[in-house]
Amino acid sequence: MRLLHTSDWHLGRTLYGENLLTHQAAFLDWLLAQAIAQEVHAVLVAGDVYDRAVPTTDAVTVLDRALRGFAAARIPVLVTSGNHDSAVRLGFGSRLSELAGVHLRTAVADIARPVVLADEHGEVALYGIPYLLPDAVMDELGAERSHASVLAAAARLIRADADERGITRTVAAAHAFITGGVPSDSERDVRVGGIGDAPASVFAGLSYVALGHLHGQQDLSAAAAVTTVRYSGSPLAFSFSERYHTKSVTLAEIDGAGQVRTTKLSTPVPRPLREVRGRLDDLLADGGPASAGDLAEAWVRVVLTDPVRPAAPMERLRAKWPHTLVLDFAPDGELTGAATDLSRLARTADPVQICGHFVEFTSGGAADEDQQAVLRDVIEAVLASDRADGLLEAGQGPAGRPSDDLADANSIDEWLAHAGRDDDWPDEAAREAGGIGEAGGNTAAA
């Protein structure tokens, strides 16, 4: 018995804003061609067919076209719903679609309803376990509020049904986080009460478990005795944490004794994912550290280490590498911490210096002479305008308040909260009596 195991298509998903649907459609065409060439008995899709509960119409069209292709080739397809799918929407018309060989398993009631196929050694029962949210299904399954409990209950239903049918070779497609699996950045957290995984041993006694949810292909059979437990992984990468993945689908061959042999079939790669790090001028220089390789044709993440953020970095990067998707900053050395920034601000009376701190905070470097000159001209123009309107007296802040009233606050938060307000700010007598100063100290001493 030959089965093609795939999962996590996430139709309609984007990669940092890049539309992937054309590439996803190309993968599905490739998958159909592989199913025909490998003469498989069925295709197993272990959840997350769509990327969202309400998929786009274009994503629905791509899935419809793909399933019609398998139906025309008379290759049965077993599809389970994942945590990204709407079980109700994906399962619509399931009884009708079975007439075309598309078997949708999106409800608890269908867990023990297998697709029974036969080869020269006899029958094989294929079961589908949809994503089981414990809160939603534990009563129906008679289980506790945990992923391990609901999956164990589902596996018991499968074993009982197979025993009743007298079928010893059993396969389950399931969408779950199994203990020992290695996640990536692009999967949605499925934890309940802090626990999101279940041991592979819950599937003991089955021949093959086709898993979905984790986007990296991996084998967890060692934790399930004689049962082969595998994640096929997603066919495309959905984050730069997957840039080292070799994307594939799994060809599982089950012999007459229920022993399983698996082969990874590498899927088409629309563009490789690459990450480069360094200063912008160094990266863009001819002969620089990132000048070699296939970066011009890759999806690229760039981490700039310039101590001061350069002007228009994304535009300059895309001029060289058109498919740059992500730009991050990790300046050499450390930026000034928030606590230090506030302390420096509290000691600063000159508005030009205050604005200069802001420039340093946002850009990663101190304001240069030209920037300071612009700040000084703007602030002087504002102050001159206020004095002309009678709002300021020479050497005074608003309403005669000393211009260095920041020093009168207990904290920067207090100063910000009272900025521009006169009604509840400590008056001169209160300041002298209470000695209010920086960090609650004595003003005169400060």
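This dialogue explains how to read several features of the predicted model above.

Colleague: Which conventions apply to this model?

Modeller: The model is predicted: local features need pLDDT of at least 70, side-chain atom pairs count only at pLDDT 80 or more, and totals for chains, interfaces and linings use all residues. Residues are numbered from 1 along each chain as its sequence is written, and side-chain values use heavy atoms, with hydrogens and water left out.

Colleague: How is a strand read, and is strand S10 mostly covered or uncovered?

Modeller: In a regular strand the side chains alternate between the two faces of the sheet. Strands (E, at least two residues) and helices (H or I, at least four) are DSSP runs, numbered from the N terminus. Strand S10, residues 208-212, is mostly covered, with 5 of its 5 residues buried; buried means under 20% relative accessible area, exposed over 50%, and partly exposed in between (1.4 Å probe, protein chains only). Tyr208, Ala210 and Gly212 lie on one side and Val209 and Leu211 on the other.

Colleague: Which strands are joined to S10?

Modeller: Two strands pair if DSSP finds at least two bridges between them. Strand S9 (residues 169-175) runs parallel to S10 and is joined to it by 5 bridges, with Ala173 opposite Ala210. Strand S12 (residues 228-231) is also parallel to S10, through 4 bridges, and there Leu211 stands opposite Tyr231.

Colleague: How is the packing of helices H5 and H6 described?

Modeller: Two packed helices are described by the angle between their axes and the distance between the axes. Axes are lines fitted to C-alpha atoms, for helices over the stretch in contact, and angles run from 0 to 180 degrees between N-to-C directions. Helix H5 (residues 134-141) packs on helix H6 (residues 147-165) at about 40°, with the axes 10 Å apart. H5 is therefore oblique to H6; angles under 35 degrees count as roughly parallel, over 145 as roughly antiparallel, 65 to 115 as roughly perpendicular and the rest as oblique. Pro134, Val137, Met138 and Leu141 in H5 meet His147, Val150, Ala153 and Leu157 in H6, where contact means heavy atoms within 4.5 Å.

Colleague: Where does Arg13 lie, and is Arg13 buried or exposed?

Modeller: Arg13 lies in the loop between strand S1 (2-6) and strand S2 (14-15). Arg13 counts as buried because its relative accessible area is 13%. Beyond its neighbours within four places in sequence, Arg13 is in contact with several residues, including Glu18, His84 and Phe238.
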